[in-house]
Amino acid sequence: MTATLDLAAIVQQHGGDPTRLVQILHDVTAVAGYVPPAAITELAARLGVARAHVEGVVGFYSFFSSEPRGRYRVRFSDNITDRMAGSEALCQRMLDAFRIELGEVSRDGLVSVDHTSCTGLGDQGPALLVNDRAIARLTPQRIGAICSLIRGDVPLHQWPENLFAIHSHVERRDRILGSTLVPGAGLAAAIARGAAATIAEVERAGLRGRGGAGFPTGAKWAACAAAPGPTRYVVCNADEGEPGTFKDRELLMNHAELVIEGMTVAAFAVGAQRGLIYLRAEYPFLVAPLGEALARRRAAGLLGRAVRGVAGFDFDIELHVGAGAYVCGEESALIESLEGKRGIPRNRPPYPVTHGYRQRPTVVNNVETLAAAALIARDGAGAVRDVGTPKSAGTKLLSVSGDVARPGIYEYPFGVTVRQVLDDAGAVAAQAVQVGGPSGTLLAAREFGRRIAFEDVPSAGAFMVFDERRDMVAVVENFAWFFAHESCGFCTPCRVGTTLAAQMMTRIATGAGSRRDVKDLARVAGVMKAASHCGLGATAGAPVVAALEKFRPAFDHRLRSLDVLPTFDLDQALAPAREATARDDRAAHFDEEGP
Amino acid sequence: MTDAAATFQLDGHDVPFAPGQSILAAAQAAGHYIPHLCYHPEFAPHGSCKVCTVKVNGHTHASCTTPAHAGDVVESATDELTQLRLNLVQFLFTEGNHFCPSCEKSGSCTLQGVAYELGMTTEHYSPLFPDRPVDASHPDVLLDFNRCILCELCIRASSIHDGKHVFALSGRGITKHLIVNAATGRLADTALALSDKAMTVCPVGVILRKRHGFAVPIGQRRYDQQPISAIAGEPPDEEGAP
């Protein structure tokens with residue numbers, strides 16, 4: 001029944017390479033359900049690294065644990081859109097079925113239930129992960145079926161396949177989603193044009209990074225190509241961790257060859273020999289299809305030695321799976337993770353284009369950026385330049401979710417108004433839209449005339465809609481805890497500030513907040529913005545600050561009139577005693593008038 | 001161009017620097033104090049505490065990891081930056097369990113010294129009171145994790161200087177914590193020796209020699225005599241023990 005854990009074989013499979021540690025820990029977890037302390041000791045010895053290093057990596061990633069978890073490890077996606085679709089009640093139903101608390105393992109070791117940050121299924125939530133499979137469109141019936149399968153100890157590969165179906169909801173196609181690519185066509189055009197001219201074409205197209213920051217792609221490629229050294233890398237950032245974003249999922253599911261073509265074009269342009277796709281662990285259903293796409297392209301001579309017959313153009317791509325860490329979407333943290341380390345953003349300069357993966361020149365591009373680059377290579381700059389705005393050329397994929405009739409992927413030319421997207425998606429009585437996810441921009445109804453573009457409202461792809469029924473304080477509280485959970489902990493402002501902000505938001509949301517909490521929220525957000533090491537901390541306070549400015553009444557009506565409230569709640573402190581004595585009568589409560 | 005006499009402006013003073021030198025290192029060398037915690041001149045800076053944050057040409061940067069450039073206009077001793085640093089130090093006090101009157105490092109503690117320098121009177125935020133058991137397993141060394149500010153100096157000293165990797169980090173975010181390199185998790189089972197560099201670099205009271213307590217009476221210690229800003233750049237008077 002229980003497979004034996006053969007660490008020697010696993011380490012050998014990965015060539016004894018300590019930079020493969022994250023992948024090794026996935027293999028260990030797949031067999032043992034967790035990473036036993038004895039395995040940590042043995043892995044360190046076999047890989048020739050300090051034990052504490054392995055322990056530190058296990059402790060960093062949400063999907064690894066050095067303590068036993070259930071044989072069935074259930075993780076409910078805890079994004080605000082999952083909650084709006086009823087995830088909390090569904091999670092409770094499963095907890096009740098197994099008589100466990102959140103975070104606990106059932107006594108027989110069968111099952112554990114936890115929360116996880118957004119799983120990238122916002123168009124078909126609520127969603128959960130069980131071991132290395134994802135299940136969307138949860139209903140009480142589906143939860144009942146899952147509980148029965150777990151209780152019967154049915155191996156996952158024998159579960160009905162339809163449980164694992166991931167749907168594709170493309171609601172609007174444009175340049176990218178409407179394209180059909182003959183594999184190799186973009187690459188052929190790039191080779192005909194030459195490396196330098198390909199970079200120039202990407203620059204001429206005005207292509208900017210689609211991961212949110214908007215750095216000019218051509219400039220990035222040019223800097224990498226110019227960096228000294230014989231070895232270069234191209235990395236596809238498929239970490240798509242921003243809550244409410246799922247457009248890369250669609251691209252990798254149905255346009256994988258376009259993305260891989262973009263990577264290969266980038267490799268040709270900068271002179272790279274190796275490519276890596278950093279795929280988030282929440283997308284396990286993409287591992288096999290991506291592997292097949294890579295194999296197809298190898299067979300077609302589009303990857304491997306002498307790609308497309310060009311002597312000296314040797315390039316191949318490997319897949320690397322993340323392990324539940326949002327910060328790894330930051331390109332230097334992603335590189336650290338690729339090297340088998342804790343995903344801590346590096347100090348810059350030097351930048352990855354000169355000192356990236358293994359300290360070699362490295363291009364890191366978002367999935368959507370690479371797809372656009374493939375089209376530019378094939379069709380020239382005009383392929384994207386002819387739509388969009390002067391500063392934001394081309395199209396943008398939006399992941400629309402929340403209170404809309406038609407959630408899904410919408411591809412628009414840059415410059416589309418928020419209102420247009422809302423109308424197309426069938427939003428009724430929207431009071432707010434979170435563009436670009438928690439680290440993006442919170443817009444109130446009076447701002448729906450603003451445009452999705454780098455120069456107005458930039459977006460990493462999320463577009464979460466909240467109608468008038470929604471409590472914006474609860475929305476922002478969810479975001480605050482998201483950042484607290486995902487802070488890497490490297491720098492003081494983000495490590496401590498995200499937790500303080502989240503605690504204050506909960507105090508306010510539960511009616512225990514004071515005006516001092518509101519003041520302190522702004523203060524903490526200011527410290528995080530000014531002093532944080534990377535974008536996670538710098539933007540962590542943004543939703544709170546925006547909500548305080550735009551939805552102030554929702555905060556004020558929850559505050560008690562006192563300026564300062566004691567943080568110690570006497571009545572709450574009696575709760576454990578009440579539970580222990582099974583009492584809940586009036587005399588067991590403390591109230592303002594006295595006991 | 002102006003390599004021979006390259007300078008930047010720090011709060012109106014001309015500060016010379018060598019090519020590649022950080023703003024903090026150049027300022028220290030010129031006798032200007034910029035508050036800091038995780039910086040140590042013998043190790044490569046990594047910029048995690050952010051207490052040394054300054055404004056360079058209007059933008060905030062950690063001065064320990066930011067190379068100086070000729071003509072940079074750097075602000076440090078402004079009300080705005082003092083407030084920012086005060087909040088960061090308050091964050092650190094809030095995060096750990098810091099009870100100065102009962103701490104063996106009181107008076108020689110960099111965190112306490114910087115807090116005094118910034119005029120901190122309370123920690124302001126609701127303390128998190130983390131549960132951090134001490135490790136007294138080692139015959140000669142006590143580890144009191146309650147005071148750890150995660151500066152990583154012991155980690156850097158042990159790996160880079162001592163070649164031992166005795167210390168490392170695990171966890172993430174607010175659960176990030178110092179660990180030691182042993183399957184038992186106990187310091188006694190690591191290769192730590194009293195002569196290690198890692199024994200001497202802790203800016204707070206985490207790594208303590210046993211049987212050395214109160215060798216110097218409180219009131220006569222390093223920062224009891226002079227504020228931290230007055231003795232910046234001088235080497236620590238006594239290694240390890242207060």
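In this predicted model, six strands of chain A form an open sheet with mixed pairing, in the order β5-β11-β10-β14-β12-β13. Strands here are DSSP runs of E with at least two residues, helices are runs of H or I with at least four residues, and both are numbered from the N terminus. Two strands count as paired if DSSP finds at least two bridges between them. The edges are taken by β5(A) (170-172) and β13(A) (441-444). Each has a single partner strand, so one side of each is left without a neighbour in the sheet. From one strand to the next, the twist averages 25°. Axes for such angles are lines fitted to C-alpha atoms, for helices over the stretch in contact, and the angles run from 0 to 180 degrees between N-to-C directions. R172(A) lies opposite Y410(A) of β11(A).

The model is predicted: local features need pLDDT of at least 70, side-chain atom pairs count only at pLDDT 80 or more, and totals for chains, interfaces and linings use all residues. Residues are numbered from 1 along each chain as its sequence is written, while chains are lettered from A and ligands numbered from 1 in the order in which they are written.

Five bridges join β6(A) (residues 233-238) to β9(A), and the pair runs parallel. V235(A) has V364(A) of β9(A) as its bridge partner. Burial is judged by C-beta atoms placed from the backbone: a residue is buried if 20 or more others lie within 10 Å of its own, exposed if 12 or fewer, and partly exposed in between. Five of the five residues of β9(A) are buried, so the strand is largely enclosed by the rest of the structure. T362(A), V364(A) and N366(A) point one way from β9(A), whereas V363(A) and N365(A) point the other way.

Helix α3(A) (residues 37-47) has A39(A), I40(A), L43(A), A44(A) and L47(A) as its buried residues. They span an arc of only 135° around the axis, which puts them on the same side of α3(A). This arc is that of the directions from the helix axis to the C-beta atoms. The buried residues of α3(A) pack against α1(A) (7-13), α2(A) (21-32) and α4(A) (51-60). Contact requires C-beta atoms, placed from the backbone, within 7 Å. G48(A) follows α3(A) and has a positive phi, near 70°. Within α2(A) sits V31(A). V31(A) counts as partly exposed because it has 15 C-beta neighbours inside 10 Å. The C-alpha atoms of V31(A) and H14(A) are separated by 16 Å, with the two residues 17 apart along the chain.

Chain A is divided into domain 1 (7-60), domain 2 (72-160), domain 3 (171-385), domain 4 (396-470) and domain 5 (473-556). These bounds come from an automatic or database domain assignment. The C-alpha centres of domain 4 and domain 5 of chain A are 22 Å apart. Their contact takes six residues from domain 4 and 11 residues from domain 5. The domain 4 side comprises four nonpolar residues, one polar and one charged. In this scheme Ala, Val, Leu, Ile, Met, Phe, Trp, Tyr, Cys and Pro count as nonpolar, Asp, Glu, Lys and Arg as charged, and the others, Gly among them, as polar.

The contact between the chains takes 33 residues from chain A and 30 residues from chain B. On the chain A side, α3, α4, α18 (472-486), α19 (492-509) and α20 (515-531) each supply at least two residues. α19(A) gives the most, with eight residues. By class, the chain A side has 14 nonpolar, 14 polar and five charged residues.

Several backbone features remain. Most residues other than glycine have a negative phi, and most peptide bonds are trans. G125(A) and P126(A) are joined by a cis peptide bond, with omega about -5°. P126(A) is in the loop between β2(A) (111-116) and β3(A) (128-130). Another cis peptide bond joins P349(A) and P350(A), with omega about 0°.

In chain B, D11(B) is not a glycine, yet its phi is positive, near 45°. D11(B) is in the loop between β1(B) (7-10) and β2(B) (13-16). With 16 C-beta neighbours inside 10 Å, D11(B) counts as partly exposed. E152(B), also not a glycine, has a positive phi of about 70°. E152(B) is in the loop between β6(B) (141-143) and α4(B) (153-161). E152(B) counts as buried because it has 21 C-beta neighbours inside 10 Å.

Methods:
Contact = placed C-beta atoms within 7 Å.
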